Number of protein chains: 2
Amino acid sequence: MRNQTPRVQLLLTGNEIMSGDTVDSNSALIAKRLDELAIPVYRKVTVGDDPGLLKRELASMAANADLVIVNGGLGPTIDDLTAEILAAVAGVQLAEHPQAVAHLETWCAARNLKLNAANRKQAILPAGCLIVDNPIGSAVGFEMQVSDCRIICTPGVPSELRAMMDTIVHSLAAQLQRPVERDILRLQTFGLGESSAQQLISDHLPDWPAEVELGFRAGAPQMEIKLSVNRRADLPARQRCRERIEHLFGDHIIGEGDSLLAERVLDLLRQRSQTLTTAESCTGGLIASMLTSIPGSSDAFHAGFVTYANHIKHSVLGVSEAALGEHGAVSEEVVREMALGALDRSGADYAIAVSGIAGPGGGTDDKPVGTVWLAWGGRDTLLTRCLCWPVERSLFQTMIAAAGLDMIRRMLLGLDSEPRYFRQRKAR
Amino acid sequence: MRNQTPRVQLLLTGNEIMSGDTVDSNSALIAKRLDELAIPVYRKVTVGDDPGLLKRELASMAANADLVIVNGGLGPTIDDLTAEILAAVAGVQLAEHPQAVAHLETWCAARNLKLNAANRKQAILPAGCLIVDNPIGSAVGFEMQVSDCRIICTPGVPSELRAMMDTIVHSLAAQLQRPVERDILRLQTFGLGESSAQQLISDHLPDWPAEVELGFRAGAPQMEIKLSVNRRADLPARQRCRERIEHLFGDHIIGEGDSLLAERVLDLLRQRSQTLTTAESCTGGLIASMLTSIPGSSDAFHAGFVTYANHIKHSVLGVSEAALGEHGAVSEEVVREMALGALDRSGADYAIAVSGIAGPGGGTDDKPVGTVWLAWGGRDTLLTRCLCWPVERSLFQTMIAAAGLDMIRRMLLGLDSEPRYFRQRKAR
């Protein structure tokens, strides 16, 4: 590669990504991994399995970029054209590659399969190419230099691509004529929107230093704030930015890296050897499911109750018929009794109880769709709050489940129990 | 548009999709909507917010395609370049568009907002363009003809794009010089892999008619089979294909269109005025959550139990200490008692009980990670089975939760209780 920072293009192939049947997440994965080396992708082209189109695109990329990553088209079928296209663009023949054959033989042997003709096609590669190992799948990756451009061909199966990107990132890092000093800090937040976060930063931190790159990745339920620097010398400036962000968003920050709300709550409980239980109506098991999706959750989560019907709230959790009759299922009294019943029946230290109207049906003038009562805490520290969060059913369930976990996190850390997102979503 | 079937390209813009921070699902949505008109997208280019690059790409597309859909870059910030680029490529000036201003004024008034300068930028559009209404957001879409190519500019916000695609599809349908006869039938399946489904079809249906297009969309837990025809005259052939597919995959087919396993189970229960309960260990509330994500699930789902710890299986569901002690939590005896306990405590007609080792930890030589016992049925019809499904934790939880729902579906429909995917995943 000629430049310190290579100019990178991606070429994606596959009828299934053109038709919209498959959403392409591979190019985002490639871009994120290259970002670790401060190598941006500046152009991406996607075409179906059409040899004429593919050849034209790859030839034009080879003439304009320093590095091209091709994704897809390595499989065993006649639609898989990548090896043929690269050979044509490089002006070389196709030939069986001994290293690729050896890989296929090992791969088949490990699975008690016979190496058939279709599989064998995956070893027919452009003459003179180098193999990129595929630790998972049958199709090896391969690369070659075409004039000044390095072309790397990768598999379309996401798990195989992910495994291969480690090798590619290492190889690119070794070849760069500059030290890799890029450092990406990711902070996970809950309860902040991307636009309001952006607005807060531009209002309160107008002198943001140019060398600290700021990015957001909005998701549900969490939003990620990304602070990146390209030189080690900028780490102190990044640290100051981090402190200012922490000051600004304070207790909305859950943790670093990939940390998830449920994971953070489980960690805090584990440190105290304490446990949490759930009593869910409108979230219908989602809080329990978020907790148990984390490996090792059994340390701090033993029991959850999904009490969707009123008579179950009564028979399983002991919610009084008086409370249900007088106040209705979506009421402070009922979530309080749900929480106490779950604490009692599970022996847990903390509970989250939720009852609300997820919609689209079931709303009334008094309690419109989106109305929800939450109770959280221990036997003697139980708090309750009513919110109105009128969004589409599954987003409502996700955000309310996360809010319940967040309130336990706040309680365990001694933080504000009336965060910004509560104040914005007060019920009437 | 010159041709009966226009040649379509997509141009996507946005730094967030180049960096990998956002996975682009918009282009899949556009492709799927155009597919309803039998209009394929044959090429897609994605670039960041770079005016030089954008101008070059759009000019080249305008010279080669009949229809270009541009997505993104309609917002109020200086990074939003689409109007400027289209004006440059069309060789016209930018001017405030009265219809766009009126839209902005209405939009702001409905939200009690003042129309500010940043918003007002969204009304500065290429002179002579036509407005495409945005029923949700502040930024209108717009389109114009550049020599022989129609260029339509759409917003990057997915919900706004979705709303606008209805208008665009109608307008394209009206303009086509052929009747729109395309008909897409989607069948939802559970327990089939894409490659084995493809293999079965090519083995058993070698004379598949060319006029019936066959597609697959692999997902977890379901896989979709798509049968499309472009002319009404081919509907009988498609019907024969459907019958052959149904014969081949039989009870693995859940339903048509978007139908979900949980939805199907709830419908079947509702028809019988019966109810289902869940007793979950390793799936940790996921089955309950899949059920309650469906609007109206309260008709047939009243109670779920997440009994993650052994003492909770005993205290909440009445699983005997003898069964737990002798056989361990992952055993036939324990899932049977979990199911019976849940039936007893909920008064439901059917139960699903699950206990297994989701991993990554917790496996033994005897019961490796992926081992799971399932029980399903009513008091007198309870069945049990042990499977081994050693995949990554969250996929394991998803597939096992779905398998539990599928077994109830099979029982309610009187279908085989030993489907293909069970036979393939027998525990040792």
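In helix 10 of chain B, the residues Leu261(B), Ala262(B), Arg264(B), Val265(B) and Leu268(B) meet Ala402(B), Leu405(B), Asp406(B), Ile408(B), Arg409(B), Leu412(B) and Leu413(B) of helix 15 of chain B, two residues being in contact if their C-beta atoms, placed from the backbone, lie within 7 Å. Helices (H or I, at least four residues) and strands (E, at least two) are DSSP runs, numbered from the N terminus. By class, this contact of helix 10 with helix 15 of chain B has nine nonpolar, no polar and three charged residues, where Ala, Val, Leu, Ile, Met, Phe, Trp, Tyr, Cys and Pro count as nonpolar, Asp, Glu, Lys and Arg as charged, and the others, Gly among them, as polar. The model is a predicted one, in which local features need pLDDT of at least 70 and side-chain atom pairs count only at pLDDT 80 or more, whereas totals for chains, interfaces and linings use all residues. Residues are numbered from 1 along each chain as its sequence is written, and chains are lettered from A and ligands numbered from 1 in the order in which they are written.

Helix 10 (residues 261-272) and helix 15 of chain B pack at an angle of about 35 degrees, with their axes 9 Å apart; axes are lines fitted to C-alpha atoms, for helices over the stretch in contact, and angles run from 0 to 180 degrees between N-to-C directions. Helix 10 of chain B passes helix 15 of chain B in a left-handed crossing, a crossing being left-handed if the near helix is turned anticlockwise from the far one by less than a right angle, and right-handed if clockwise.

In chain A, helix 3 (residues 51-64) packs against helix 4 (residues 82-90) at an angle of about 50 degrees, with axes 9 Å apart. The two helices of chain A are therefore oblique to each other, given that angles under 35 degrees count as roughly parallel, over 145 as roughly antiparallel, 65 to 115 as roughly perpendicular and the rest as oblique. Helix 3 of chain A passes helix 4 of chain A in a right-handed crossing.

An open sheet of four strands in chain B has the order 10-11-9-12, with antiparallel pairing, two strands being paired if DSSP finds at least two bridges between them. Strand 10 and strand 12 (253-256) of chain B are the edge strands, each pairing on one side only, and the twist averages 25 degrees from one strand to the next. Strand 9 (residues 183-190) of chain B is joined to the antiparallel strand 12 of chain B by three bridges, and the bridge partner of Thr189(B) in strand 12 is Ile253(B). Helix 8 (residues 194-204) of chain B lies across strand 10 and strand 11 (222-229) of chain B, running at about 160 degrees to strand 10.

Between the chains, the contact takes 52 residues from chain B and 53 residues from chain A. By class, the side of chain B that touches chain A has 23 nonpolar, 20 polar and nine charged residues. Strand 2 (residues 41-47) of chain A and strand 2 of chain B pair in the antiparallel sense over five bridges, with Val45(B) as the bridge partner of Val45(A). Chain B can be laid on chain A with an RMSD of 0.2 Å by a turn of 180 degrees and a shift of 0.1 Å along the axis, copies being superposed by least squares on the C-alpha atoms of residues with pLDDT of at least 70 in both. The two copies are thus related as by a two-fold rotation axis.
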